[in-house]
Amino acid sequence: MANEKKITINDVALAAGVSVSTVSLVLSGKGRISSATGQRVNEAVEQLGFVRNRQAAALRGGQSGVIGLIVRDLAAPFYAELTAGLTEALEAQGRMVFLLHGGRQGEHLLHRLDTLLNQGVDGIIIAGASGVDVGLCERAAQKGVPLLFASRASYLDEADTLRPDNMQAAQMLTEYLIRRGHQRIAWLGGKSSSLTRAERVGGYCATLLKYGLPFHSDWVVECDNSQKLAAEAIGALLRRNPTISAVICYNETIAMGAWFGLLRAGRQSGEGSVETFFEQQVALAAFADLPENALDDLPIVWALTPAREMGYMLADRILQRIEKTETPLGQQIMSARLIRQK
């Protein structure tokens, strides 16, 4: 069977009874074209099933309508939510997202960036590229393509970045516990190599010092992202430090593991019901990257990082950069909000 003939812009022009340049102007939305002519071109496009070559349009100096997105780890709830919000907002503006995976250590970033630049995208967003060399910014600038970073922690002060306020979120959680009467507050979860964890722990420590409360290094416990390990870790922490009355958890997984650990400890020590154990013994607080309606219905206070809302803001910001709107470059920081489960 012969291959189906590919419909070209020349075919559209012939069907509409106009020149190729007129079809190009209609497709790009530029130039002064009468509504009647535009309608004829669009009807021809629809009838013939013409698919615009976005890369060719970009090479001719027009916008491709495509935004490149490189994500560090799509399996992480934060980046999954951010990607969902960004895609939703851009598609509502008639844009398409070209998604690539950058690798957890950013090992593929430079190659992925070059791939997007060669595809003629209008702008590029890199989500989760902490510690990236400024050479990425220079390469995008050489091509005249706006480059925007989204991160869970601060880095590259000279880059155009949107990120959550980790220190503010930690301060908010710690102050909430202090105002509830807790004076011996520990930390559970995360790895010392994580910049996000470092910022959160920094906010926690600064708030304890602000209120003149005790802080001990052995109250800050590292833990891999595992419910089982978190349950074991909180049990060991409380056995060593039985006077601790509250624990701040690095994320949802650690918080769930800690809750199971407290449940187990309450039964083993004969402390009574779970409610009594929580109210009189240990309170839990945690950071959450999930939407509020996805949080487990447990007696935990959450500092919610609005990842999906960050995606909406990223969409607005990259479109402003593409349209060369006069908005200042630099870091834009989003605050967390407190969620108290009933």
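Is Glu-323 buried, partly exposed or exposed? Glu-323 is partly exposed, with a relative accessible area of 47%; buried means under 20% relative accessible area, exposed over 50%, and partly exposed in between, computed with a 1.4 Å probe on protein chains only. The model is predicted, so local features need pLDDT of at least 70 and side-chain atom pairs count only at pLDDT 80 or more, while totals for chains, interfaces and linings use all residues. Residues are numbered from 1 along each chain as its sequence is written, and side-chain values use heavy atoms, with hydrogens and water left out.

Glu-323 forms a salt bridge with Arg-95, and their closest N and O atoms are 3.5 Å apart. A salt bridge here is a side-chain nitrogen of Lys or Arg within 4 Å of a carboxyl oxygen of Asp or Glu. Arg-95 is buried, at a relative accessible area of 14%. The pair ties together parts that are 228 residues apart in sequence, because Arg-95 lies in the loop between α5 and β2 (96-101) and Glu-323 in the loop between α13 (307-322) and β11 (331-334). Helices (H or I, at least four residues) and strands (E, at least two) are DSSP runs, numbered from the N terminus.

The whole structure holds 14 salt bridges. One of them joins Glu-309 to Arg-337, with the closest N and O atoms 3.2 Å apart. Glu-309 lies in helix α13 and Arg-337 in strand β12, so this pair ties together parts that are 28 residues apart in sequence. Glu-309 is partly exposed, with a relative accessible area of 34%, and Arg-337 also counts as partly exposed, at 34% relative accessibility.

Glu-232 is partly exposed, at 37%, whereas Lys-228 counts as exposed, at 59% relative accessibility.

Strand β12 (residues 337-340) leads on to β10, with which it pairs in the antiparallel sense over four bridges; two strands pair if DSSP finds at least two bridges between them. In this pairing, Ala-303 stands opposite Leu-338 in β12. Strand β9 (residues 283-288) runs parallel to β10 and is joined to it by five bridges, and Ala-285 stands opposite Val-301 in β10. In a regular strand the side chains alternate between the two faces of the sheet. In β10, Ile-300, Trp-302 and Leu-304 point one way and Val-301 and Ala-303 the other. Five of the five residues of β10 (residues 300-304) are buried, so the strand is largely enclosed by the rest of the structure.

Thr-83, in helix α5 (residues 77-92), is buried at 9% relative accessible area. Beyond its neighbours within four places in sequence, Thr-83 is in contact with Leu-69, Val-71 and Leu-74. Leu-48, in helix α3 (residues 35-48), counts as partly exposed at 30% relative accessibility. With neighbours within four places again left aside, Leu-48 is in contact with Ile-7, Asp-11, Val-12 and Ala-15.

The cysteines form zero disulfides, a disulfide being a pair of cysteine sulfur atoms within 2.5 Å. For Cys-249, the nearest cysteine sulfur, that of Cys-223, is 9.3 Å away. Cys-249 is buried, with a relative accessible area of 0%, whereas Cys-137 is partly exposed, at 24%.

Definitions and conventions:
Contact = heavy atoms within 4.5 Å.
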